[in-house]
Amino acid sequence: MMMFLKKNSIYDSLSSVHTYTSLSAQEIYERHFDARFNEVEEQIQAFVHDKDESELETLLLTKIDNSRHLALNGENALPLLGIPVAVKDLFHVDGFATYGGSKLPAEVLTGNEGWVVKRLQELGAWMMGKTVTEEFAYASVIPTKNPHHLAHTSGGSSAGSAAAVASGMIPLAIGTQTLRSVMAPASFCGVVGFKVSYGRVPLDGCLLMSPSFDTFGMFTQDLESMKYAAACLVPKWQTVEPSRKPVLGIPNGVFMELLEKGVYEIFMDKVEQLTQAGFTVKQVDMPWSNDLLLGYDMLNLARGELALGHRDWFASYEASYGEAVHQAIVAGKDIDEQQLKQYRKDQLELRQQLQASADAEGIDLWISPAQAGPAPLIGGPTGWAGMTSIWTYAGCPTLSLPLMEMNHLPLGFQCIAPYGRDEQLLAYSGLIEEILKTDIMVKL
């Protein structure tokens with residue numbers, strides 16, 4: 001087994017920032033692009049490489065200088081000062097082309113920076129690059145490998161972001177989730193993945209697959225780093241401290257039957273540890289139907305909106321689309337606006353039903369495995385939507401914690417809160433982590 005792992009939390013990076021203003025941009029650049037980074041990236045392939053070395057160096061020196069300029073002008077208290085960050089190749093960043101994992105012309109796709117990228121830079125972070133994504137966050141063959149084992153996938157579609165964090169090349173990376181695009185790579189790569197409540201973080205300046213679905217997400221190596229990043233990047237964030245252990249709910253029915261062999265037993269062993277530690281765990285009948293969970297309504301909404309969003313590009317560049325996305329757009333064209341309106345109405349109804357169910361049962365968090373199994377071999381699936389898509393459809397915030405393992409590979413422990421309760425999700429999940437915490441980075 002070949003592992004390319006290195007500890008690199010946000011706090012690790014912040015601890016070295018006290019010398020930031022005394023270093024030149026060139027010295028900072030060399031610290032991040034040392035021999036180890038080059039070796040690791042050559043193996044992992046987490047980043048989009050569309051520039052030669054000298055062109056990239058010139059651009060990054062400018063990004064670093066912009067960050068140093070803030071510090072040299074008295075902005076030393078900026079919370080992300082000097083932190084290198086990478087964003088999924090759906091977000092527009094000045095100086096970097098946007099491809100969206102596709103073969104469409106970058107000049108057609110590339111646009112202006114949006115709120116997320118601007119916010120990161122205002123807080124002192126500097127953009128280290130774009131990370132690999134499946135084509136338009138839907139599906140395609142990607143080069144990124146799992147830092148825990150190069151023969152296995154890093155997941156999709158925010159593959160590069162999760163792998164870059166897991167390998168220690170950066171302490172913070174940005175992604176998006178439609179069906180499973182944050183939870184799957186976080187689970188497979190053994191990092192913390194956080195998808196906020198739908199609409200809480202603006203996604204302007206980002207290529208969207210399905211505007212009714214797409215949601216902002218982040219990756220860090222540990223939960224404390226994620227809490228720090230959330231306080232920086234999630235608007236109106238108000239940190240809360242839990243006054244008690246949360247009541248946990250496990251969905252009844254077919255939801256927990258979607259797991260690969262042996263995963264349920266691993267998960268329930270963790271649940272037993274929580275029960276022994278004084279947590280209340282309930283089996284809960286969920287307000288969704290099996291037809292919704294197993295059917296095509298969620299996928300149809302994503303495909304229908306994908307077809308609408310790509311209508312003009314598809315008319316001009318149809319031959320440039322990969323097979324999977326091409327088929328999705330063709331299928332999406334058959335979904336009319338009336339159907340899409342109904343799907344969106346169903347989304348809001350499910351969101352309300354889940355909140356009512358949680359309140360009625362006294363549930364603070366739902367819990368489940370983040371994926372149906374550990375990372376498949378490259379060439380297999382890049383994730384399963386079964387454990388994740390229903391929560392994204394309802395707009396709920398979700399968190400994958402690296403608290404389980406199977407076949408010597410990470411497996412995420414997923415926590416889900418009702419819509420809008422993002423702060424409570426991270427706070428309560430910290431109590432769960434205290435009981436279940438394992439050092440995936442070292443142990444595997």
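Which residues point one way from β8, which point the other way, and are they buried or exposed?

Mentor: Happy to, and please keep in mind that this is a predicted model. From β8, Val-247, Gly-249 and Pro-251 point one way, while Leu-248 and Ile-250 point the other way, and all are buried. Since five of the five residues of strand β8 (residues 247-251) are buried, the strand is largely enclosed by the rest of the structure.

Now look at the strands β8 pairs with. With strand β9 (residues 280-284), β8 forms five bridges in the parallel sense, and Ile-250 has Gln-283 as its bridge partner in β9. To get from β8 to β9, the chain passes through helix α10 (residues 263-276), making a right-handed β-α-β crossover. β8 also runs parallel to strand β10 (residues 365-369), joined to β10 by two bridges. There, Gly-249 stands opposite Trp-366.

Leu-354, in helix α15 (residues 337-361), is in contact with Trp-366, and its other contacts beyond four places in sequence include Met-286, Pro-287 and Trp-288. Leu-354 is itself buried, with a relative accessible area of 0%.

Key
Residues numbered from 1 in each chain as written. Predicted model: local features only at pLDDT ≥ 70, side-chain atom pairs only at ≥ 80, totals over all residues. Heavy atoms only, no water. Helix = DSSP H or I, 4+ residues; strand = E, 2+ residues; numbered from the N terminus. Buried < 20%, exposed > 50% of the residue type's maximum accessible area, 1.4 Å probe, protein only. Contact = heavy atoms within 4.5 Å. Pairing = 2+ DSSP bridges. Right-handed = clockwise from strand over helix to strand, strands pointing away.
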